[in-house]
Amino acid sequence: MPAYRPEEIEKKWQAHWKQHSTFQAHNHSDKPKYYVLDMFPYPSGAGLHVGHPLGYIASDIVTRFKRLKGFNVLHPMGFDSFGLPAEQYAIQTGQHPALTTDQNIETYIKQLSSLGFSYDWNREIRTSDASYYKWTQWIFLKLFNSWYNLDTNRAEALTDLTARFAERGSEGVRAAGDDGDRQVFTAGQWQLFTEHQKLAAVHSYRLAYQQDTYVNWCPGLGTVLSNDEVKDGLSERGGYPVERRLMPQWNLRITAYADRLLAGLDTLDWPDAVKEMQRNWIGRSIGAEITFPVQDHAHAQIKVYTTRVDTIYGATFLVLAPEHELVNELTTPGQRAAVDEYIAATKRRSERDRMADTKTVSGVFTGAYGLNPVNNEPVQIWLADYVLAGYGTGAVMAVPSGDQRDYLFAQHFGLPIPAISDAQQGLDQQADPTKEGRYINSGIINGLTYKEATTKLIAYLEEKGLGRGKVNFRIRDSIFGRQRYWGEPIPIYYKDGTAYGIAESDLPLVLPEISEYKPTETGEPPLGRAQNWLYRDQYPYELSTMPGWAGSSWYYLRYMDPTNEARFVSEEAEQYWGTVDLYMGGAEHATGHLLYARFWYLFLKDLGLVSSNEPFQKLINQGMILGRSNFVYRASLGWTAINASGDIVSQDHLVHPFLFVSKTAFEILTSPNSFKQDSHFEIKISEKLGVMRDNMQTRYPEYKFEVEAFGIGNNTGFTPLHVDVNFVDNDILDINAFRGWREEYNNAEFIFEDNNTYLCGVETEKMSKSKYNVVNPDVLIGKYGADALRLYEMFLGPLEQYKPWNTNGISGVGSFLKKFWRLFHPEDGDLAVTDEPATPAELKALHKAIQKAQEDIEKFSFNTSVSLFMITVNELTALKCHKRAILEPLVVLLSPYAPHLAEELWEELGHAAGSISHTPYPEFREEFLVEDNVIYPLAINGKVREQMQFAAAATAAEIETAVLASDFLARFGEGKSAKKVIVVPGRMVNVVV
RNA sequence: GCCGGAGUGGUGGAAUGGUAUACACGAGGGACUUAAAAUCCCUUGCCUUCACGGGCUUACGGGUUCGAGUCCCGUCUCCGGUACCA
């Protein structure tokens, strides 16, 4: 084998691995197991850019390393293949989303294979396959047929609940969810219920239930979105406006698990940022629910939720959400018109306006008064849209001296702001939420501290039946339906308007074919178009489909046993593989997927179907690779054309050439204080304009032209435009490629740098098509090989960090691989590895590498291991080392990073093809690192002055004596004497003077 | 606002409290070549000096320490997340 030719050896080994299923993981093994999971990709039409494989490369390195360390590694890949983009495309083109999805998956598999990833492709799954979504539907039915028992703190079968109803009625059942929605009945009444009535009574207990819910409705996409799919009031996909709307929806009762989801976080080895995001998302707060009677309305009561009961004497008014159920009843005739108008105005405001506009204070007085339960003081009842209907009770007691938002409201509407603590300060300026000091103006808690007051008030309110301590969560039940086609059908049918789950034996409920993917004319979801789509030929099915996160909430379990037709995963497989040991993926899933998947896992655990508490033990977020955009600077030119009779004519029909100025020219010409000495660019421009004018003259001889450049000396005359980074090398523009890019640039003219190149501007931005900064891995693999790309992505910097992509550096790892190759093939000829014994220097280089390579992988510090390999190869090259004893272990060390190269060299060294993947990792032997002598830096007061060599065995005292006996102090001590000598054995000596 | 993370050469970045700037890119110079590519060698934090050398430097200001990029306190900037959550 002559020179290093990645294109040949990479294809060869990829084919070998595929043909021999080299990376197949077995469900029975004596080896310890290790499960490495990549986050489930959605196969988008754009394919992969260089940012995508970052995490896959890292996880593949870990996978291959663990195999060498003797683990049975599960490292699967599959596709989250239901989803919006394919469906949007289907609506536009009429093409079935399954088709485009399949094509996209093929592209993904091709690209992933070309990077040399060691997936067990025999376990590939796709969420849109009926054999997979059968089990997603099955889990849904389990949720549908379960309730959450607060006494046992776990999900239980609904049949247990109905048995209990039959025996004892609804009395004493403590279930997760809102008891306000539930009926109260005796066992006798239950037994007299019709089937219909029973189902209605039971519905509000289910973990999957249908309810009128305020949703994020996105008219642009024709569907509802979950909170984590909405960013700044716009849909995350497509950027369409989103509005609040009350609609019947399927929901999953994730709130039942809020406490366990929160507590479980403490057991996980995850980035703090992700854990913190989940904590905030769950949003547990400890407070109290307090009832305010309403003046002149004997039956009306307003319940508020507060985390600061201690401030109740400062509550001078109440604020209800505009949607609050008592609004109508409480509004006095005098305020009726104002209230109606306010509610109407609130509805008109989109969610986005409401979020954008948190500064303006708005609200309206209802005319009614509540009574503060601790002192019977009347307090005004207001409406304002800063109070959310969905959180707490939809009503707050406003304490203007303690809460800034209440303060602003009170100030705006001229309501009183009484102080409640002797520690509050600056109340003429702003609220002070302090918990310090003693209470004042506060009835029974005057003089008490925060802690004392809270305890006393809760006891007092509980005794009077007007309040109780309560824990609240910010998290809401998850909406579990989309008014879309391309998703799992929800396995529900309706009989006389009542929802039934279909029989498990009838699963899967296959997604029917339809003629068009749009909603029906009557506004039903696309599934309304399905012909004769009825359960058992008579009952209509639910028409919404599951959201994107349904299939991805349990996929990691299916990989353990992907083809099982009898069970979602066999007990054996689940017990062998357990949970994911390393989960690699992006931080964007922090509050969506990662929370839903944990929820489903806990639910399955309650049903006894899985054996642990948390599905993902260790999580690593790979940072995003940002694009490096290049810019050209277009000059604004003013053309004048004059015809034969001397009139200025319109030029719409003429083609004008563009003029682009290089970066330095742009910077000088747009700088407001450019001086005359920099004016050579202006001269260049006016010369160039002359040439351009002459060219126009030649092209359109019927006119006379004048042209000038606008805006020199400020920023208006030049427009920075993104230029495709593929036309740019080291920020130098390829003029010919650029001219050929677009027709209108064919005749473009340029003002160059002084070295006659066109230098582009640079900025770091997200990688995206529209910014022309997307770098395609296929191109780089073609040029440098997959091994080089793998190494380079790791070499860029710490895995978790966000970092800009710059293709320039890849040549460095390219030459490293060639150097590595040359250790084996010095003359670019046949293998020249010798069996000579290794020298101590060579052994030291090798064992340093073995030690550090392992440490680095265990710390997920891949960038430093690449540097380490470079250093090792530089050392061995300098030592002219071509010895098997050194190179053979070194190939194994490198193999997780550059597997193709390693396989090839391994085979050349005489090993069976493909066997490097399961060979043992070289053993580190410390004795090779031991040196006879150590060079110590000598410092005066911490400042290093020179070096001195000592025997490695020398004691601190010996070194101190030797240093003081030398002329070191005389030369650097500035005549002072040593006060103290610090000797750090093996490291350094510091003399204090 | 709140919660995370990060500030080190022209660039990406390295550094168990112990010689800051490893490794790589880029740049400059040289060798080989008819030439190019490839490859190899030298220089490359900043200031100062003909040179030897000297001084300064890890966002900024303090502190702890024999010794701080690293630990502590304060400030600033950037990035990510989140937000009328009562």
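# A predicted model of chain A

Of the 993 residues of chain A, 52% count as buried, where buried means under 20% relative accessible area, exposed means over 50% and partly exposed lies in between, with a 1.4 Å probe and protein chains only. This is a predicted model, in which local features need pLDDT of at least 70 and side-chain atom pairs count only at pLDDT 80 or more, while totals for chains, interfaces and linings use all residues. Residues are numbered from 1 along each chain as its sequence is written, chains are lettered from A and ligands numbered from 1 in the order in which they are written, and side-chain values use heavy atoms, with hydrogens and water left out.

The secondary structure of chain A comes to 31 helices and 37 strands; these are DSSP runs numbered from the N terminus, with helices (H or I) of at least four residues and strands (E) of at least two. Along its principal axes the C-alpha trace spans about 95 × 95 × 85 Å. Among the contacts in chain A with a separation of 6 or more, 72% are between residues 24 or more positions apart, a contact being heavy atoms within 4.5 Å.

## Helices with a buried side

In helix 6 (residues 158–168), the buried residues are Leu-158, Leu-161, Arg-164 and Phe-165, and they lie on the same side of the helix because they cover an arc of only 120° around the axis, the arc being that of the directions from the helix axis to the C-beta atoms. Thr-159 and Glu-167, on the other side of helix 6, are exposed. The cover over the buried residues of helix 6 includes helix 5 (130–144), strand 3 (146–149) and helix 8 (195–203). Gly-169, with a positive phi near 75°, follows helix 6.

Helix 14 (residues 404–413) has Asp-406, Tyr-407, Phe-409 and Ala-410 buried, and their arc of only 165° puts them on the same side of helix 14. Strand 12 (317–320), strand 14 (378–383) and strand 15 (395–398) are included in what covers them.

## Two helix pairs

The axes of helix 26 (residues 840–858) and helix 28 (residues 884–894) come within 10 Å and cross at roughly 15°; axes are lines fitted to C-alpha atoms, for helices over the stretch in contact, and angles run from 0 to 180 degrees between N-to-C directions. Helix 26 and helix 28 are therefore roughly parallel to each other, since angles under 35 degrees count as roughly parallel, over 145 as roughly antiparallel, 65 to 115 as roughly perpendicular and the rest as oblique. Among the residues that meet are Leu-843 and Leu-846 in helix 26 and Ile-886 and Leu-890 in helix 28.

Helix 24 (residues 786–795) and helix 27 (residues 862–878) pack at an angle of about 120°, with their axes 7 Å apart, which makes helix 24 oblique to helix 27. The residues in this contact include Met-794 and Phe-795 of helix 24 and Val-866 and Met-870 of helix 27.

## Backbone exceptions

Most residues other than glycine have a negative phi, and most peptide bonds are trans.

| Residue | Phi | Relative accessibility |
|---|---|---|
| Asp-296 | about 65° | 76%, exposed |
| Arg-536 | near 50° | 52%, exposed |

Asp-296 lies in the loop between strand 10 (284–294) and strand 11 (297–306), whereas Arg-536 is found in the loop between strand 20 and strand 21 (539–540). A cis peptide bond, with omega about 0°, joins Leu-507 and Pro-508, and Pro-508 lies in the loop between strand 19 (498–501) and strand 20 (534–535).
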